[in-house]
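Open the model in your viewer and keep the selection panel handy. We will go from one stop to the next, and at each one I will say what to select.

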Amino acid sequence: MADKSFLEWPFFEDRHRALAAELDNWAGANLGGIDHSDTDTACRALVAALGEAGWTRHSGAEAGETLDVRTLCLIRETLARHDGLADFAFAMQGLGTGAISLFGTPEQQAEWLPLTRAGKAISAFALTEPQSGSDVANSTMTATLDGDHYVLNGEKTWISNGGIADVYTLFARTGEAPGARGLSAFIVPAGLPGFEVVERQQVIAPHPLATLRFTGCRIPKSALLGQPGQGFKIAMSVLDVFRSTVAAAALGFARRALDEALQRVSERTVQGAPLFELQMVQGHIADMALDVDASALLVYRAAWAKDSGAARVTREAAMAKLFSTDQAQQVIDKAVQLHGGDGVRRGQKVEELYRDIRALRIYEGASDVQRVVIARQALGAFQGGK
Ligand SMILES: CCCCCCCC(=O)SCCNC(=O)CCNC(=O)[C@H](O)C(C)(C)COP(=O)(O)OP(=O)(O)OC[C@H]1O[C@@H](n2cnc3c(N)ncnc32)[C@H](O)[C@@H]1OP(=O)(O)O
């Protein structure tokens, strides 16, 4: 039985507590019935089910609304505790349309958000390129203005939901400005001439992923998000919101691993007594529980700060992502160890969690990128700068 006492922390309001309880019940009753044997089909089914039940409604914000980051985090934490692919399906509806929620015009929002929030369209975030993963400022894909259109040329890779998405938020270089100042953000629907999926990647946990190639692909000028040259800041602002949610998913995986470990050490006996009676085992359980609570504090501090109106939560989100993803890896590894041979048996929940967690320390800014961000913020504060 997962510990829910954190919901009493002052970060939350009654509506958050009610939502967490309702989602927990819904996930327990519904997710097991969705066939996961084909990842693409499962993702589509999960988005549709999450949409029908009203959960993806929280993934976007239209005119007059704001993204509720605590809700996003609670949903990701709860879904991750039940089902890693359900968390992925929900998360990508938010990340894929984050730039539309935060920077879209009312017309752009009205065109896409009702569909993605209802689970009737799938979205993706196309930032990474073959030669620029962490180094976004050196992205090379171009969007060249030609009359009333931009013409896209280049490749994007490791794109989550690539190949199954209906709409992509895409970042490309416009104009002559070098580095970060030369990037712009666009809304790109799937299936346009000159847009092809050239490779599907298989990774440690089942996620739809692809490399996309654009060759003379024309999109209308109205597909531009924000102003030309604002793309880098748009990408970073979106990541500032969604990095906290990655941390929340890691927290959900860790919480589930702790539950599985508690069950195991309560049931399994050694020399006639439950494993839990060994002090060494208690030490591991204590470390796991501490890591879970410390992660939760960082996750919900970042989410609460954003919901409370902080203009930027770059530092808080980076700390939450770095700590929660790294510590979840440790917690899950301990849970595997406490299961002995069963811990690495295919089909065991802790074995699944061991595969689910790994990519979270890489995507949406690898752990060392978060260290760079935190160090820059600390230095900036020390020097009295930004
Ligand atoms: C379930 C989900 C499935 C998985 C989905 C996976 C999706 C992904 O992984 S998406 C790809 C993730 N990629 C990343 O996270 C990229 C990581 N890289 C970064 O964060 C940056 O490139 C980083 C921090 C390393 C360095 O950036 P750097 O090139 O040094 O730029 P920097 O000089 O700091 O900033 C450039 C400008 O942007 C501004 N800026 C920087 N950060 C921010 C921010 N957070 N908010 C607003 N503005 C910002 C700066 O103030 C600066 O502005 P100005 O020029 O006016 O002074």
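**Stop one: the ligand shell**

Select α4 (84-103), α6 and α10 (367-382): each of them supplies at least two residues of the shell around the ligand. Helices here are DSSP runs of H or I with at least four residues, numbered from the N terminus. This is a predicted model, in which local features need pLDDT of at least 70 and side-chain atom pairs count only at pLDDT 80 or more, while totals for chains, interfaces and linings use all residues. Residues are numbered from 1 along each chain as its sequence is written, and side-chain values use heavy atoms, with hydrogens and water left out.

Now colour α6, which gives the largest share of the shell, six residues. By class, the shell has 15 nonpolar, six polar and eight charged residues (Ala, Val, Leu, Ile, Met, Phe, Trp, Tyr, Cys and Pro count as nonpolar, Asp, Glu, Lys and Arg as charged, and the others, Gly among them, as polar).

**Stop two: ligand contacts**

Which residues come nearest to the ligand? Of the 29 around it, they are Ser 134, Arg 181, Arg 243, Glu 364 and Arg 376 (a residue is near if one of its heavy atoms lies within 4 Å).

Show the side chain of Arg 181, where an N or O atom is 2.8 Å from a ligand oxygen. The side chain of Arg 376 also has an N or O atom 2.8 Å from an oxygen of the ligand. The protein covers 80% of the 1200 Å² of accessible area that the ligand has on its own (Shrake-Rupley method, 1.4 Å probe).

**Stop three: a helix pair**

Select α6 (residues 231-267) with α8 (residues 314-338), which pack at an angle of about 20° with axes 8 Å apart. Axes are lines fitted to C-alpha atoms over the stretch in contact, and angles run from 0 to 180 degrees between N-to-C directions. The two helices are therefore roughly parallel (angles under 35 degrees). Their contact has 17 nonpolar, four polar and four charged residues.

How values were computed:
Parallel < 35°, antiparallel > 145°, perpendicular 65-115°, else oblique. Polar contact = N/O pair within 3.5 Å; in protein donor to acceptor, adjacent residues only side chain to side chain.
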